[in-house]
Amino acid sequence: ESWLAQQKQLFKNLKGVDELKAVYFNPNYYSKDENQSKRFETEMTALYQFAEDAEPFHCKDIVIALDEISQLEKEVEELRIKAANADRFLQMKKLYANATEQLAVLREKPIITTGSTNTLIGIALGCTALGLVLGVFFVNGYRNMKSPITDDQKEESEDSLG
């Protein structure tokens with residue numbers, strides 16, 4: 001009976017441990033001893049009563065049990081993947097909520113343009129316009145720099161060629 005107390009102590013955190021029972025018997029009991037005979041008969045009667053009261057169940061062979069274990073391991077892995085995806089989804093949901101809040105705060109603030117930005121845009125447009133004007137001026141000047149060929153120059157070039 002001390003063995004039963006040890007087992008109950010060992011499994012005290014499990015449900016139903018208080019209902020745990022044990023049957024004690026020694027197949028080598030001395031049948032002529034009335035005490036041992038009574039004890040053996042009491043224990044065997046308790047074992048028989050337990051077997052009679054218990055609901056029958058089907059025992060699985062090792063092949064079926066291993067297949068079921070394999071299937072359950074696959075299901076566990078699939079559930080781990082789903083849990084990881086759910087965690088990532090929750091993290092992304094928090095990030096999205098944070099970004100949405102920040103966007104709302106930024107939308108409430110007025111748009112501020114600095115004078116330096118406007119000044120730089122004005123200078124850039126002015127330089128572009130000045131560049132175009134100077135370009136047109138220099139192209140016309142270059143065309144006008146070529147002096148027209150005079151009649152004397154035409155005669156000299158014809159004499160040299162011919």
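Analyst: Start with one term. A residue counts as buried when its relative accessible area is under 20%. This is a predicted model. Of the 162 residues of the protein chain, 2% count as buried.

User: Why is Glu43 called buried?

Analyst: Its relative accessible area is 10%. The cut-off is under 20%. Glu43 is therefore buried.

User: Where is Glu43 found, and what does Glu43 touch?

Analyst: Glu43 is found in helix H2, residues 34-53. Leaving out residues up to four places away in sequence, Glu43 touches Ala22, Val23 and Tyr24. Contact here means heavy atoms within 4.5 Å.

User: How many helices and strands does the protein chain have?

Analyst: There are 5 helices and 0 strands. From the N terminus on, the order is α-α-α-α-α.

User: What share of the contacts joins residues 24 or more positions apart?

Analyst: Among contacts with a separation of 6 or more, the share is 7%.

User: Which residues line the largest pocket?

Analyst: The lining is Lys21, Ala22, Val23, Glu43, Ala46, Leu47, Gln49, Phe50 and Asp53. The space in this pocket is about 220 Å³.

User: What makes 3 of the lining residues charged?

Analyst: Asp, Glu, Lys and Arg count as charged. Lys21, Glu43 and Asp53 are in the lining, so they give the 3 charged residues. The lining also has 5 nonpolar residues and 1 polar residue.

User: How many aromatic pairs does the structure hold?

Analyst: It holds 1 aromatic pair. Phe137 and Phe138 form this pair, 5.6 Å centre to centre.

User: Why is the pair of Phe137 and Phe138 called edge-to-face?

Analyst: The angle between the planes is 65°.

User: Are Phe137 and Phe138 buried or exposed?

Analyst: Both are exposed.

Terms used: Residues numbered from 1 in each chain as written. Predicted model: local features only at pLDDT ≥ 70, side-chain atom pairs only at ≥ 80, totals over all residues. Heavy atoms only, no water. Helix = DSSP H or I, 4+ residues; strand = E, 2+ residues; numbered from the N terminus. Buried < 20%, exposed > 50% of the residue type's maximum accessible area, 1.4 Å probe, protein only. 1 Å grid on protein atoms, 1.4 Å probe; cavity = no way out; pocket = protein on both sides within 12 Å on 5 of 7 lines; lining within 4 Å. Points joined across faces, edges and corners; volume = space filled by probe spheres on them. Phe/Tyr/Trp six-rings, centres within 6.5 Å; stacked < 30°, edge-to-face > 60°.
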